[in-house]
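We will go stop by stop.

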Amino acid sequence: MITLISSTPWIRLLVSFALFVCVVAVSFVATVYLNRRMTVRGELRDLKADGRNALEVRETLSSRRDDAWQKLVDRIERAGLSLVDTKADVLRSKLKAAGFDSPAAPRLYTLIRLALVVVLPTVYVGSSIALGKDLSFFDLYVFGSIAAFLGLYLPALFVRAKADRRTEAIVNGFPSCLDLMLVCVEAGLGLEAAMDRVGREMVVSHPLAAKLLTMATLRLRAGASREDALRQMASDASVDEIKSFSTLLIQSDKLGSSISSTLRVYASEMRERRRMRAEERAHRLPVLISIPLVVCMLPVMIGVLMLPAIIMAMRQIFPAMSGG
């Protein structure tokens, strides 16, 4: 194919024009993206200068990004392509556990999967043709199917990994938030004021846990009951430890027990669980290290130990057995 392009003038001219168009398009998109990013950064600096905290700045940036994706999804659906999943509730819960709480997240997820199903086989076919490889029907069917399957599976794998990292970040950061909340409650603050204070203080060190506490505080200020706000916080987190914490606070509120004692006991339990998880990972290291040890080092050691005996057998024993 390269020979054909180099030998035909009009094909060479067409390829050169296509490359020129691609470079211009990429440069235009990059320029627009950088200009928009610089504009957003300038607006965020203005917001910081007005005294708004870091959490509000992050929420502003996230809302702008969500609005852009929402407009894109709406345009595609108006064009006639339905992006509604058959199991929308299950998909929304999975995306929510991964931190994608935008209303357009399920439809955008479906759009990405559909795009990858088309893009990955197209990339494989295009790269094969560009390299001059002859594609048989079997290769096209097998590798195209594998690429399409990867297009369907990779977004789910990414969402699962994102959910695991988010869960780990919340679980590791929430005990520190509980300790600071305990200090605030013992200093005389109420539960709502303590959650608001901790949410503003933990934005930099533990942003996910701070966001959960801040959203619960906003719901309380909006008129929701304490039980509803705590249950919604547990639903937003999708973490078992946060659900247990919300249930414990609801029961303490109903029974009239001390909030400070509840926070102290549960913070100690969460720290103990975090220590046990760290010890569990540490105990798994010898088993994980033994796998490369057996696979890589053991054959080399056996070869080094057995090689002198093999050489001696080839030089002395085998000739003697054959009568030499």
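Which residue's side chain meets that of Arg281 in a salt bridge? Select Glu168: the N to O distance to Arg281 is 3.1 Å. A salt bridge here is a side-chain nitrogen of Lys or Arg within 4 Å of a carboxyl oxygen of Asp or Glu. This pair links distant parts of the chain, 113 residues apart. Arg281 sits in helix α11 (residues 259–321), and Glu168 sits in helix α6 (residues 137–186).

A word on the source. This is a predicted model, in which local features need pLDDT of at least 70 and side-chain atom pairs count only at pLDDT 80 or more, while totals for chains, interfaces and linings use all residues. Residues are numbered from 1 along each chain as its sequence is written, and side-chain values use heavy atoms, with hydrogens and water left out.

Helices (H or I, at least four residues) are DSSP runs, numbered from the N terminus. Buried means under 20% relative accessible area, exposed over 50%, and partly exposed in between (1.4 Å probe, protein chains only). Arg281 is partly exposed because its relative accessibility is 49%. Glu168, at 33%, is partly exposed too.

**Next: along α11**

Select Arg275. Its salt bridge with Glu272 has the closest N and O atoms 2.1 Å apart. Both residues lie in α11, three residues apart, about one turn of the helix. Elsewhere, salt bridges that share partners join Glu192, Asp196, Arg200 and Arg221 into one network. The whole structure has 14 salt bridges.

**Next: a charged patch**

Select Arg36, Lys71, Arg75 and Arg78. Together they form a positive surface patch. Patches are made of residues with over 30% relative accessible area and no salt bridge; like charges are joined within 9 Å. Helix α3 (residues 54–78) gives the most, with three residues. Arg75 lies in α3. Arg75 counts as exposed because its relative accessibility is 58%.

**Last: helix α5**

Select residues 105–130. The 26 residues of α5 should span 38 Å at 1.5 Å a residue, and the end C-alpha atoms are 36 Å apart, which agrees. The expected span is 1.5 Å times one less than the number of residues. Colour the buried residues of α5, among them Leu108, Tyr109, Leu111 and Tyr124. Then step just past α5 to Gly132, which takes a positive phi of about 80°.

Terms used: Patch = residues over 30% accessible without salt bridge, like charges linked within 9 Å, V, L, I, M, F, W, Y side chains within 5 Å. Areas by Shrake-Rupley, 256 points an atom, 1.4 Å probe, with all protein chains shown as cover. Lys, Arg positive; Asp, Glu negative; His and termini not counted. Charge placed at Lys NZ, Arg CZ, Asp CG, Glu CD. Helix = DSSP H or I, 4+ residues; strand = E, 2+ residues; numbered from the N terminus.
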